[in-house]
Amino acid sequence: MLGVYDRNGHFKEVVRLYKELLTEGIKPDGVAFVTLVSTCGHTGQVNLWIEYFESMVSDFGLDPTSEHYSCLYDLLCRAGELEKAWKVVMRCQIKQMAVARFPYGDPCLEPATKVGRSI
């Protein structure tokens, strides 16, 4: 249901439904968090996605996948938060991230000079 709302541009409904799931005691999965980052990306809510990302790990014990990291990276880059995006890449524990998900190349695999500048 989260994905349907997201794909149809009902971003407030995604957040509302997510909160309702939590109220009902339903544990979100990794796919729910990918949908949340999509919603945050469409609405420019970087801080909200960071909050969800941290909650995914600390509250629900989910290990972020390459898709979660690349979505976070993409969202930060789109918001102009390049320093934060670089820090995410530098602390990520995943060796291989999906290159197709990175609009500027995969900074985990390329030297910092190709990304722009070392931060």
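Some housekeeping before you click. This is a predicted model, so local features need pLDDT of at least 70 and side-chain atom pairs count only at pLDDT 80 or more, while totals for chains, interfaces and linings use all residues. Residues are numbered from 1 along each chain as its sequence is written, and side-chain values use heavy atoms, with hydrogens and water left out.

**Stop 1: the whole chain.** Show the cartoon. You'll find seven helices and zero strands, and the pattern along the sequence reads α-α-α-α-α-α-α. Helices (H or I, at least four residues) and strands (E, at least two) are DSSP runs, numbered from the N terminus. Switch to a surface: the protein chain exposes about 7,100 Å², with carbon and sulfur atoms supplying 51% of it (Shrake-Rupley method, 1.4 Å probe; for residues, only the protein chains shown count as cover). Of the 119 residues, 40% are buried; buried means under 20% relative accessible area, exposed over 50%, and partly exposed in between (1.4 Å probe, protein chains only). Take contacts next, meaning heavy atoms within 4.5 Å: among those between residues at least 6 apart in sequence, 52% join residues at least 24 apart.

**Stop 2: T39.** Pick T39 in helix 3 (residues 30-43). Is it buried or exposed? T39 counts as buried, at 1% relative accessibility. Leaving out residues up to four places away in sequence, T39 touches D6, F11, V14 and V15.

**Stop 3: the aromatic rings.** Rings of Phe, Tyr and Trp (its six-membered ring) pair if their centres lie within 6.5 Å; planes under 30 degrees apart count as stacked, over 60 as edge-to-face and the rest as tilted. How many aromatic pairs does this rule give? The count is five. Start with Y18 and Y52: their ring centres are 5.0 Å apart and their planes sit at 70°, so this pair is edge-to-face. The pair links distant parts of the chain, since Y18 is in helix 2 (residues 11-23) and Y52 is in helix 4 (residues 46-58), 34 residues apart. Y18 is buried at 2% relative accessibility, and Y52 is buried at 5%.

Now select W49 and F53. Their ring centres are 5.8 Å apart with planes at 65°, so this pair is edge-to-face. Both lie in helix 4, four residues apart, about one turn of the helix. W49 is buried at 0%, and F53 is buried at 7%.

Not counting residues up to four places away in sequence, F33 touches Y18, P28, W49, Y52, M56, F60, L62 and H68.

**Stop 4: the core.** A nonpolar core is a set of buried Ala, Val, Leu, Ile, Met, Phe, Trp, Tyr and Cys residues joined through side-chain atoms within 4.5 Å. The largest one has 29 residues, and Y18, F33, L36, W49 and Y52 touch the most other members. Helix 2, helix 3, helix 4, helix 5 (66-78) and helix 6 (82-91) each supply at least two residues of this core. Helix 5 gives the most, with seven residues.
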